[in-house]
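Dear colleague,

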Amino acid sequence: ALPGSDLEQPEDAARAAPGTTMATFGNIEAQLEEPVATEAPKLPTSQRKLKPGLTISNLAAEVFSVRFSPDGRYLAAGCGDGAIRVFNASTGTESANLTSNSSNGLPTTVIRFRPHGGDRTKNVLLAANANGGVEHWHVSSGKLLHAFPVKDDSNQVYALDYDQKGDRFATGGKDCAVRIYDEDSKKLLVTLKGGQGYGSHVAAGHSNRIFALKWHPTEPNCLVSGGWDNTIQIWDARKDGGAVRSFYGPHLCGDSLDISPDGSKVLTGSWRPEDQVQLWDFNTGKLLETVPWASSLIHHRDPCMVYAAQFSKHMPLVAAGGSGANECRVFDCERENALVGVVAGLDRGVFTVDFAPGGKRLAVAGGDAAIRVLDVVDAAAWEKERP
């Protein structure tokens, strides 16, 4: 080293006069300065919160579909052992266990209560089984009212829905077709299905399994469906044939399709690690927004792949849940999709969610053979109640 160099006398270099540049590898002056405090962006907040309520646990099998009755009295669960277990929605007491001989222990894949109205019997439940069976049950009495015959080549049914009045119901499943039946006569009215092959001459439709169906709330002859083929198909229920239009994007593997009460938006929940929950314009098929789903609140867990998604019936809320992170989240659509609450840390995935008719309760269920019912409450009021 040369006499007088910094390398020979490091102490002198350390005492360099203010304003002189330090001779360092890479010149780290900027890193030595005091960090400037910056405010973290404020996350949107909701005036609503989830409050833990009823838990129905130790069921004999996982729950694939959960639904409140139209009057909110009952909570029904379609289970992996083929049984439909019905509970008092207030107390959690089991009121019925509905099992037909035709299920052969295969899962009940989806259930729907018939809308109340007119002179029809109330508390009628429509249920589909993985063996292709579709049955009508009277929940109050536990009676099987009607069952479509199950054949060796019966189509596996994964999706059901009633129209708004309960006059018709639709099914969808493995064979890519949507079938519409008359509720009173149980007769098949129309079959909606795309054609085979490619080209403009081929009727549009699904090319893979259908996992979700939804009747439009304001257009009585319109249905929407989705599934494995990454498309949402829109159908005219009055005529056989292909879809009238479609849009591409969502990958549905469960009951994760809904339409807003005013009919303007389509909600989809995709089984993938990103862009899971999305809102689409019903009329144009354009993506309106992707609801941000941050990494799991439980650290070092996988992302949440969504199986179930639903709009609240009477509040601007969206609930969605799935596997991977094994959680359910509720978002406030009026507050920039602020997080209302999370059900996290579950051992198994969330397969199904359902808001009660009044919108103030939410049922969450899935692979851990339990149903959790949460109350949607005013955040400020709940903070005062908490110990």
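**Aromatic pairs and nonpolar cores**

Phe64 is partly exposed, as its relative accessible area is 27%, whereas Phe351 is buried, at 17% (buried is under 20%, exposed over 50%, partly exposed in between; 1.4 Å probe, protein chains only). The model is predicted: local features need pLDDT of at least 70 and side-chain atom pairs pLDDT 80 or more, while totals for chains, interfaces and linings use all residues. Residues are numbered from 1 along each chain as its sequence is written, and side-chain values use heavy atoms, without hydrogens and water.

Rings of Phe, Tyr and Trp (its six-membered ring) pair if their centres lie within 6.5 Å; planes under 30 degrees apart are stacked, over 60 edge-to-face, and the rest tilted. Phe64 and Phe351 form a stacked pair because their ring centres are 5.5 Å apart and their planes at 10 degrees. This pair joins strand S2 (residues 63-68) to strand S26 (residues 350-355), its two members being 287 residues apart (strands are DSSP runs of E, at least two residues, numbered from the N terminus). Ring pairs also connect Phe64 and Phe351 with Trp271 and Tyr307 in a cluster.

The largest nonpolar core has 18 residues, of which Leu59, Val63, Leu75 and Ile371 touch the most other members (a core is a set of buried Ala, Val, Leu, Ile, Met, Phe, Trp, Tyr and Cys residues joined through side-chain atoms within 4.5 Å). Another core, apart from this one, comprises 17 residues, including Leu50 and Leu317.

Yours sincerely

Key. Helices (H or I, at least four residues) and strands (E, at least two) are DSSP runs, numbered from the N terminus.
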